[in-house]
Every structure is written in structure tokens, then in C-alpha cells.
Amino acid sequence: MIFVNLPVRNLAVSGAFYVALGGTVNAQFSDDNATSVMLSDAIGVMLLTHDRYRQFTQRPIGDARRESQALIALSVDSREAVDPTVAKAAAAGGRADPNPVQDHGFMYNRSVEDPDGYVWEIMWMDHAAIAQPA
């Protein structure tokens with residue numbers, strides 16, 4: 001499993017964004033200082049208030065709205081699923097396409113920025129169309 005831990009300014013707003021992205025809240029690991037959102041059986045996002053996040057690191061919390069810290073990609077099952085996934089996340093407080101749309105035929109990729117500035121790439125790839133080594 002992978003858990004992405006993110007410091008957020010507003011748990012409710014961020015939680016709504018990640019649910020719109022396709023996640024489900026895991027109440028067992030959520031409280032007034034954290035919201036656990038499962039994007040799949042193997043991928044969880046822990047949304048943490050700044051105070052809670054500071055319990056895990058002494059480094060300053062950066063501003064993802066100003067500096068790029070990471071690009072996290074989530075794959076979807078079809079090319080047709082990319083656009084509605086981005087649209088739902090944008091409607092829930094995100095910003096669609098902070099980075100250019102990429103369409104390479106065999107791969108289609110858009111991105112959405114969450115309320116705190118973290119960028120998630122929503123991508124589809126046709127593995128069968130990728131050239132096989134000779």
C-alpha cells in the first residue's frame with residue numbers, strides 16, 4: 001500500500017475534493033485533525049491539519065501553490081474517464097489543467113490541482129499500443 005500524507009488548510013474542503021476524485025473516507029482513521037481517503041485498495045491519502053502534520057516533521061510546510069513539490073499520477077480505466085474525473089474534482093474545489101493537457105495517442109493525461117495546490121495527474125495509457133522491443 002501507499003499512503004500519501006498531505007498537510008491541508010481545511011479538512012472538509014480537501015476531503016470533498018478527494019471524494020470527488022473517486023475516493024471514499026475511511027472513518028476509522030479520520031478525526032478532527034485528519035481525514036483518511038482511500039483512492040483504491042492500495043492507495044490512501046491522509047489529509048492532515050498543519051498542526052497534525054507538524055507532529056511528523058520538523059521541516060517547514062511548503063506552499064504547493066507556489067512551488068512544485070511532486071506530481072502524483074492516478075490512472076483510470078479508459079480514455080473517456082479522464083475528462084469527467086478532472087471535471088468532478090474541479091467542481092469540488094480543484095482547478096482543472098494547471099499543467100498542459102498531454103495527448104500522445106496511446107496516452108492521455110490531464111491534471112487537477114487540489115485546494116492546497118497539490119497537482120494530481122489523471123491519466124490513461126493503452127499498454128497494447130506501446131511499441132514492443134524488437
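In what order do the four strands of the open sheet lie? In this predicted model, the order is 1-4-3-2, and the pairing is mixed. At the edges of this sheet are strand 1 (2-8) and strand 2 (24-25), each of which pairs on one side only.

Strand 3 covers residues 34-38 and strand 4 covers residues 43-49, and five bridges join them in the antiparallel sense. Within this pairing, Thr35 is found opposite Leu47 of strand 4.

Helix 1, made up of residues 11-20, lies across strands 1, 2, 3 and 4, and runs at about 165° to strand 4. Following helix 1 comes Gly22, which has a positive phi, near 120°. The buried residues of helix 1 are Leu11, Ser14, Gly15, Phe17, Tyr18 and Ala20. These buried residues pack against strand 1, strand 3 and strand 4, and also against helix 3 (82-91), strand 8 (107-113) and strand 9 (119-125).

Attention now turns to a loop residue. Val76 sits in the loop between strand 5 (71-75) and helix 3. Leaving aside residues up to four places away in sequence, Val76 touches Ala81, Val82, Thr85, Ile122, Met123 and Trp124. Val76 and Val19 are separated by 57 residues in sequence, and their C-alpha atoms are 15 Å apart in space.

Terms used: Residues numbered from 1 in each chain as written. Predicted model: local features only at pLDDT ≥ 70, side-chain atom pairs only at ≥ 80, totals over all residues. Heavy atoms only, no water. Pairing = 2+ DSSP bridges. Helix = DSSP H or I, 4+ residues; strand = E, 2+ residues; numbered from the N terminus. Contact = heavy atoms within 4.5 Å. Axes fitted to C-alpha atoms, helices over the stretch in contact; angles between N-to-C directions. Buried < 20%, exposed > 50% of the residue type's maximum accessible area, 1.4 Å probe, protein only.
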